[in-house]
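Trainee: Please take one part of this model and describe closely how its strands pair.

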Amino acid sequence: MKQFDLVLTRRGVRFQGRYWPCTIGRGAVKRDKREGDGGTPVGCHKIVGMLYRPDRLAAPVPWARPIRPSDLWSDASGQEGYNQLVRHPYPHSHETLRRADRLYDIVLITDWNWPLAQEGRGSAIFLHRWRRPGFPTEGCVAFRPDHLMKIAGRLTPKSRLIVPDTLVHE
């Protein structure tokens, strides 16, 4: 593990010498992640991008990209663009990145099933803001808003999210 890695533990995410409370997928930690199962996938996932809402906050780091009104994320398994940033109009299943709520004001993108997505393996494993403490995600890792902002500001393009196999509940 490296200095800028985020390591998921039963106590939260360990990052730079402290534990940050978080929530994970409603399907818990999964070895065999599938689209729609709500699982957070085991593995060492590179942080490959950061998106932010420029109408709501400043870029947390120079390499962050603004979320535009037409930005979507494809979760349409088997379609071109699956598990990729796509733009409106996109006729297949997707998530809107520029949401009315604040859930995606900052989005850290992992390399789960990316860039060459395998059909059905799951999409959009992000780090983002939580709805509220303890409320599960669809597979992402979510943080308190102020914690997410601090974490985002300390990440580098070499940071990774590490989800250990030991967290899987059999």
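Mentor: Strand 7 and strand 12 (residues 106-110) run antiparallel and are joined by 5 bridges. The model is a predicted one, in which local features need pLDDT of at least 70, side-chain atom pairs count only at pLDDT 80 or more, and totals for chains, interfaces and linings use all residues. Residues are numbered from 1 along each chain as its sequence is written, and side-chain values use heavy atoms, with hydrogens and water left out. Strands here are DSSP runs of E with at least two residues, numbered from the N terminus, and two strands pair if DSSP finds at least two bridges between them.

With strand 8 (residues 65-66), strand 7 pairs in the parallel sense over 2 bridges, and Y52 lies opposite P66.

Turning to strand 9, its antiparallel pairing with strand 10 (residues 85-87) has 3 bridges, and W73 stands opposite L85. Strand 9 is also joined by 3 bridges to strand 11 (residues 94-96), again antiparallel, where W73 stands opposite E95.

In a regular strand, side chains alternate between the two faces of the sheet. In strand 9 (residues 71-74), D71 and W73 point one way while L72 and S74 point the other way, and all are buried (under 20% relative accessible area, with exposed over 50% and partly exposed in between, using a 1.4 Å probe and protein chains only).

Definitions and conventions
Helices (H or I, at least four residues) and strands (E, at least two) are DSSP runs, numbered from the N terminus.
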